[in-house]
Amino acid sequence: MGKNFTKSPRIVVLTGAGISAESGISTFRDQGGLWEKHDIMDVATPEGWRRNPSLVLEFYNQRRKQLDEVIPNPAHFALAKLQKHFQVDIITQNVDDLHERAGATNIMHLHGELRKVRSEKIPSLIYDTKHWEVKLGDTCERGHQLRPHIVWFGEDVPFIPLAAQMVENADIIFVVGTSLNVYPAAGLLYHAQYNARKILIDPNEMQVENIFQLRHFKEKAGDALPRVVDELIAEFSA
Ligand code: APR
């Protein structure tokens, strides 16, 4: 299936909230998802931040606090295992740290990271948060308020050009647990080489079935990804 490889394939994995669902972290658009409980405009936009920064800080504090109560699932560990056998870049829309905690590397967080905050006035001043709570009055070294290091709706996604280049150069592309609803991340799949092998893992119907060389495993990531990773390792070690 897909192109024949003379050398070890370059692999890119695009992940979304679905890969962390089995760890207990809500997705955004499933039944009971985050955007059912919170108004995007209030908690994930610059306007919301200007209007009520405490509400925004509290939204991310609660999500950051949850990180201490969840652990990576078999899907995260499967990607860390894949990286032991191939050159694999992980491009994630997730802001959790579960890929890292599963031992994966080469991780690009397109939409930022919960465990980081930054100066609201000097974006280059980025800090790891040791504590889950960030409050009004917590400031950067230059005295400006700290904000979540998250890409909000309407803000630039600085890593997109590099991510697109990685997809263009990939021989195999995994798309795991993303509804492909939010651009520009959702557009990355369309940068893939025509005959690159594309593997979609998502239990729900997706509107991408007509893409050449795409195979859809309609299963949960925690079930399908360990199996698919083992099959790929076997294919190239034969
Ligand atoms: N395994 C695999 N996929 C799953 C699982 C699972 N166990 N559970 C749910 N899914 C799938 C859903 O079918 C859906 O297609 O994960 C996807 C989750 O989609 P969204 O909730 O839209 O999450 P995501 O695509 O990551 O959202 C993208 O939107 O709100 C912004 O910045 C936010 O990064 C986020 C972006």
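A salt bridge here is a side-chain nitrogen of Lys or Arg within 4 Å of a carboxyl oxygen of Asp or Glu. This is a predicted model, in which local features need pLDDT of at least 70 and side-chain atom pairs count only at pLDDT 80 or more, while totals for chains, interfaces and linings use all residues. Residues are numbered from 1 along each chain as its sequence is written, and side-chain values use heavy atoms, with hydrogens and water left out.

**View 1. A salt-bridge network links D68, D97, R101 and R115.** Within this group, R115 and D97 pair up through their side chains, at 2.8 Å from N to O. By the salt-bridge rule, the count comes to 14. As a general point, side chains of opposite charge can pair when their charged atoms come close.

**View 2. Domain 1 meets domain 2.** Domain 1 covers 1-25 + 72-111 + 158-238, and domain 2 covers 26-69 + 114-150; these bounds come from an automatic or database domain assignment. The C-alpha centres of the two domains sit 26 Å apart. Domain 1 brings 14 residues to the contact and domain 2 brings 12, with contact meaning heavy atoms within 4.5 Å. About 980 Å² is buried between the domains, and carbon and sulfur atoms give 54% of that. Buried area is the accessible area (1.4 Å probe) that two parts lose on being put together, summed over both.

View 3. The side of domain 1 that touches domain 2 has five nonpolar, six polar and three charged residues. For those classes, Ala, Val, Leu, Ile, Met, Phe, Trp, Tyr, Cys and Pro are nonpolar, Asp, Glu, Lys and Arg are charged, and the others, Gly among them, are polar.

**View 4. D230 reaches K81 from another helix.** The closest N and O atoms of this salt bridge are 2.6 Å apart. D230 belongs to helix α9 (residues 221-237) and K81 to helix α6 (residues 74-82), so the pair ties together parts 149 residues apart in sequence. Helices (H or I, at least four residues) and strands (E, at least two) are DSSP runs, numbered from the N terminus. D230 is partly exposed at 36% relative accessibility, and K81 is partly exposed at 37%. On this scale, buried means under 20% relative accessible area, exposed over 50%, and partly exposed in between (1.4 Å probe, protein chains only).

**View 5. E231 and R227 pair within helix α9.** Their salt bridge spans 3.9 Å, N to O. The two are four residues apart, so about one helical turn separates them. E231 is partly exposed at 43%, and R227 is partly exposed at 34%.

View 6. M108 counts as buried, with 9% relative accessibility. Leaving out residues up to four places away in sequence, M108 touches I90, I91, T92, F159, L162, A163 and M166.
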